[in-house]
Amino acid sequence: MIIDCHCHAGKGDLMTAPWNTDAPIEPYLRRARAAGIGRTVVFAPFHSDYESANREVAKIVARYPERLTGFAFVHAARDTGRIFRMVRQAVTEWNFRGIKIYGHDAMPTREVCETAKALRVPVLADIVGQAAIVDMLASQYPMVDFIIPHLGSFADDWKAHQLVIDQLVRYPNVYTDTSGVRRFDYIVEAIKRAGAEKVLFGSDVPWLHPGVEQAKIHLLGLPPDQEALVAGGNIGRLLQRRTVPQDRVSAPRPMYRANVQVAAGETRLPPGTVLEHEL
């Protein structure tokens, strides 16, 4: 089955650009069917309130359960303190299978990564060209799968493409998607160096056509078994990894540096503080 791992769905509320205004699902589904795409990972457009936006995506997924799988979009800074609750609701109530992060909002934090680890879901993190971030994420959280869309840069930053290819080779838990990658030979190089099992087909609809993006996968000229991995097998495998019993899912312990107050030689910690060395 061909699975598109990268699609926006629903309405944004900012209305300053197409990507935060509207991402209607019906035109996409018609185009996807014509391109032979059987299932699609969807998440909200960019939004000022991802909690409400995720709820709208859940309604869209419920209308097309045989075609769509949801990811929970979170703002790593603005949603601090409630990310686990937001993602747990999406996973347990709506059967979402992952987390979406947009680097221009904020880069993934420990709270995001701990949530992904606890719920055993992948993180699709648009790093907006800042490939060095991936080294921290992948090394600190080897049990979390990170999907880096656009081979690291939607803006055709060849330096980011090269760095992400290196990271695909070095880290077992780092993957990329092909959406919006216009420098075709970097996709070829990623598969040559890291293997077909590290590259996922994505379209980034509604701003790109799923048939055009899917044609790039066919034009790679891969052996049938490798093409099947890129076209859907890899993301299908990542989506199936959530096996933790729901009655055992609990919030990760908080991690932050204490604001230590010192007076007259006495160290006092704020009530409930958890020191990093205690974790």
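Me: Before we start, which method do the accessible areas come from?
Reply: They come from the Shrake-Rupley method, run with a 1.4 Å probe. The model itself is predicted.

Me: OK. How much accessible surface does the protein chain have?
Reply: About 12800 Å². Carbon and sulfur atoms account for 54% of that.

Me: And what share of the residues is buried?
Reply: The protein chain has 279 residues, and 52% of them are buried. Buried here means under 20% relative accessible area.

Me: How many helices and strands are there?
Reply: Nine helices and 13 strands.

Me: What share of the contacts joins residues at least 24 apart?
Reply: 73%, counting contacts between residues at least 6 apart in sequence.

Me: Let's go inside. Which residues touch the most other members of the largest nonpolar core?
Reply: Ile25, Ile99 and Ile235. That core holds 85 residues.

Me: Take Ile235. What does Ile235 touch?
Reply: Ile3, Cys5, Val41, Ile147 and Leu200. That leaves out residues up to four places away in sequence.

Me: Now helices. Which residues of α7 are buried?
Reply: Helix α7 runs over residues 184-194. Its buried residues are Tyr186, Ile187, Ala190, Ile191 and Ala194.

Me: Where do they sit around the axis of α7?
Reply: They fall within an arc of 140 degrees, seen down the axis, so they line one face of α7.

Me: Why would residues a few places apart point the same way?
Reply: An α-helix has 3.6 residues a turn, so residues three or four places apart point the same way.

Me: What is on the other side of α7?
Reply: Asp185 and Lys192, which are exposed there.

Me: And what covers the buried residues of α7?
Reply: The cover includes three helices: α6 (158-170), α8 (210-219) and α9 (224-239). Strand β11 (199-200) is part of it too.

Me: What comes just after α7?
Reply: Gly195, with a positive phi of about 100 degrees.

Me: Switch to α5. Which residues are buried there?
Reply: α5 spans residues 132-140, and Ile133, Val134, Leu137 and Ala138 are buried in it. They cover an arc of only 115 degrees around the axis, which puts them on the same side of α5. Ala132 and Met136 are on the other side, and they are exposed.

Me: What covers the buried residues of α5?
Reply: Helices α4 (110-119) and α6 are among the cover, along with strands β9 (146-148) and β10 (174-177).

Me: How do the axes of α2 and α3 cross?
Reply: At roughly 10 degrees. Helix α2 is residues 50-63, helix α3 is residues 83-94, and their axes come within 11 Å. Angles under 35 degrees count as roughly parallel, so α2 and α3 are roughly parallel to each other.

Me: Which residues make the contact?
Reply: From α2, Tyr50, Glu51, Asn54, Arg55 and Ala58. From α3, Arg85, Met86 and Trp94.

Me: What about Gln214, buried or exposed?
Reply: Buried, with a relative accessible area of 14%. Gln214 lies in helix α8. Setting aside neighbours within four places in sequence, Gln214 is in contact with Ile2, Ala35 and Phe201.

Me: Loops next. Where is Pro24 found?
Reply: In the loop between β3 (22-23) and α1 (25-34). Pro24 counts as partly exposed, at 36% relative accessibility.

Me: Which residues does a cis peptide bond join?
Reply: Val205 and Pro206, with omega about 15 degrees. Pro206 is in the loop between β11 and α8.

Me: What phi does Asn95 have?
Reply: A positive one, about 65 degrees, although Asn95 is not a glycine. Asn95 is in the loop between α3 and β7 (99-102). At 41% relative accessibility, Asn95 is partly exposed.

Me: And what phi does His150 have?
Reply: Positive too, about 60 degrees, and His150 is not a glycine. His150 lies in the loop between β9 and α6. His150 counts as buried, at 2% relative accessibility.

Note on methods: Residues numbered from 1 in each chain as written. Predicted model: local features only at pLDDT ≥ 70, side-chain atom pairs only at ≥ 80, totals over all residues. Heavy atoms only, no water. Helix = DSSP H or I, 4+ residues; strand = E, 2+ residues; numbered from the N terminus. Buried < 20%, exposed > 50% of the residue type's maximum accessible area, 1.4 Å probe, protein only. Contact = heavy atoms within 4.5 Å. Arc of directions from axis to C-beta. Core = buried A, V, L, I, M, F, W, Y, C linked by side-chain atoms within 4.5 Å. Axes fitted to C-alpha atoms, helices over the stretch in contact; angles between N-to-C directions. Parallel < 35°, antiparallel > 145°, perpendicular 65-115°, else oblique.
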